[in-house]
Structure formats: C-alpha cells, structure tokens
Amino acid sequence: MENGFRFCTESHLVKMLAIRAKNPIQLLEGIKKVPSASIYYHTHRFLQQHYYASPEPPNDFAYWISNVLGLRELGESIASVEIVDFNSLDEIRKEYIKRLEEHIFGGRSMIDCVEGHEFHFLSCKTFVHPTPFVATNLDEFKDIVGKIYINSIYFHIFEPRLRFQRKENDFSAWLRSIGEEMLADRISKLDPYAFTIEGLRKRIVNILERDD
C-alpha cells in the first residue's frame, strides 16, 4: 500500500578515532574536528545501550570532565546542554565549543588527567535495516509500535531530526500523511530525552490509543 509505514531498525559499528584529550583545551580541539557522528555517539550512546534505565542520558564529555578531571562546574555546564533544543549536530557542537571556550578563556581552573584516563573520541558507522513489519492503517501501526524492536523506536524518533535533518520524527510524519494531524502533533511535541526508550514507547502507544 502506497501510504504504508515500513519499520526499520539500525545497528552500529563503533570505531576509535586517533584523537584523545587530557585536559579541556585538548577536548575543545577534538570536539572542533571530529566528525558529527562522534558528537552524536558521545551524546546518545547511553540512550541506545540502557533503554530501561534513567531517562537522563549521561553526556560522555560532561562525565569525563566532572569525574576524571574533577572540574564540576564545567562538567555541569556541558551536561546542562539541552539537546532537544537544537536542530542539528553542528549546533550542538557549537554550543559545546562555546561553553568550553568560556571556561578556558575565562582563566578558570585547568588540569591534566592522570595518565591512562584520557578522553578517547569514538565514532560509529550506522547501518539501517528494514524489518518485516509494515503498517497500512492506524490500528496496525499502534500494534506494531507496541511490540517492535526497541532499536526501531530509537531510529524513527531520534535519528530523523539530528542525523537526517528532517523537521520531525518518522512516526509523526507518517501519521500526518494519513490525516492524523492531532496524533502527529502530540508525538512531535514529546521531549524524547525525558523518557527511557521503553517509557517513550509506552507514551506513544498511549497517545495512539487516545487514552492520554
């Protein structure tokens, strides 16, 4: 059917970049030059790996600054970047650069990490795979969302805006295409970072059931 929704999922091949940092200056230099996939990995890794855990995903940069360097104020500043407020990875990168530069050029505390505890920049290559599941109407869509692989929920909600520069997530776009404007708007307005991935699935199902 022309308006059917094909559910996809994804897998990742993580690779280590030949870039590491032992202090905020080197971290800043690394953030400026690593590929956008690295920025994405270090801000979304926890969501993908711990989808039943706390909805507040740790930021790898902030974690290293706070727990390895002991620079709590800077770590809190980096951790407080609200990813949902940005429309692209380049915008997120610029915000990290801005906050690191404010710390460095402001003459605040600087320290090198203990040898062996450097920040290693990682990146990942993403592979997208179609699943056997296709929804041709709202009831089928709701049923599949309730049972599809968790990586598929992640892919269709998180990837479109930041990675693919689309205006909204795939679920909302499809619902809008079949005339379900209200459902599309409600899912589009969700802050996906406020939930675990499993919690996000339940929230979306509730919206589709018009129970909430």
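**Helix packing in a predicted model**

The crossing of α6 and α10 is left-handed, where left-handed means that the near helix is turned anticlockwise from the far one by less than a right angle, and right-handed would mean clockwise. Residues are numbered from 1 along each chain as its sequence is written, and side-chain values use heavy atoms, with hydrogens and water left out.

Now the overall layout. The protein has ten helices and two strands, these being DSSP runs numbered from the N terminus, with helices as H or I of at least four residues and strands as E of at least two. Along the sequence the pattern reads β-α-α-α-α-α-β-α-α-α-α-α, and the C-alpha atoms fill a box of roughly 60 × 30 × 25 Å along the principal axes.

Back to the opening pair. The axes of helix α6, residues 138–145, and helix α10, residues 197–208, come within 9 Å and cross at roughly 160°; axes here are lines fitted to C-alpha atoms, for helices over the stretch in contact, and angles run from 0 to 180 degrees between N-to-C directions. That crossing angle makes α6 roughly antiparallel to α10, given that angles over 145 degrees count as roughly antiparallel, under 35 as roughly parallel, 65 to 115 as roughly perpendicular and the rest as oblique. In contact terms, meaning heavy atoms within 4.5 Å, Leu 138, Phe 141, Lys 142 and Val 145 of α6 meet Arg 201, Ile 204, Val 205 and Leu 208 of α10.

Helix α10 also packs against helix α7, residues 150–162, at an angle of about 75° with the axes 10 Å apart, and that makes α7 roughly perpendicular to α10. On the α7 side the contact includes Tyr 154 and Phe 158, and on the α10 side it includes Arg 201 and Ile 204.

What is the handedness of the crossing in which α1 passes α5? That crossing is left-handed, and the axes of α1 and α5 come within 10 Å and cross at roughly 160°, so α1 and α5 are roughly antiparallel to each other. Among the residues making this contact are Leu 28, Ile 31 and Lys 32 of α1, together with Ile 97, Leu 100 and Glu 101 of α5.

Two of those residues deserve a second look, since side chains of opposite charge can pair when their charged atoms come close. Lys 32 forms a salt bridge with Glu 101, with the closest N and O atoms 3.4 Å apart, where a salt bridge is a side-chain nitrogen of Lys or Arg within 4 Å of a carboxyl oxygen of Asp or Glu. The pair links distant parts of the chain, with Lys 32 in helix α1, residues 24–33, and Glu 101 in helix α5, residues 89–105, 69 residues apart. A search of the whole structure finds nine salt bridges.

I will finish with the rings. The whole structure holds 16 aromatic pairs, and ring pairs link Phe 5, Phe 7, Phe 141, Phe 171 and Trp 174 into a cluster.

Key: Predicted model: local features only at pLDDT ≥ 70, side-chain atom pairs only at ≥ 80, totals over all residues. Phe/Tyr/Trp six-rings, centres within 6.5 Å; stacked < 30°, edge-to-face > 60°.
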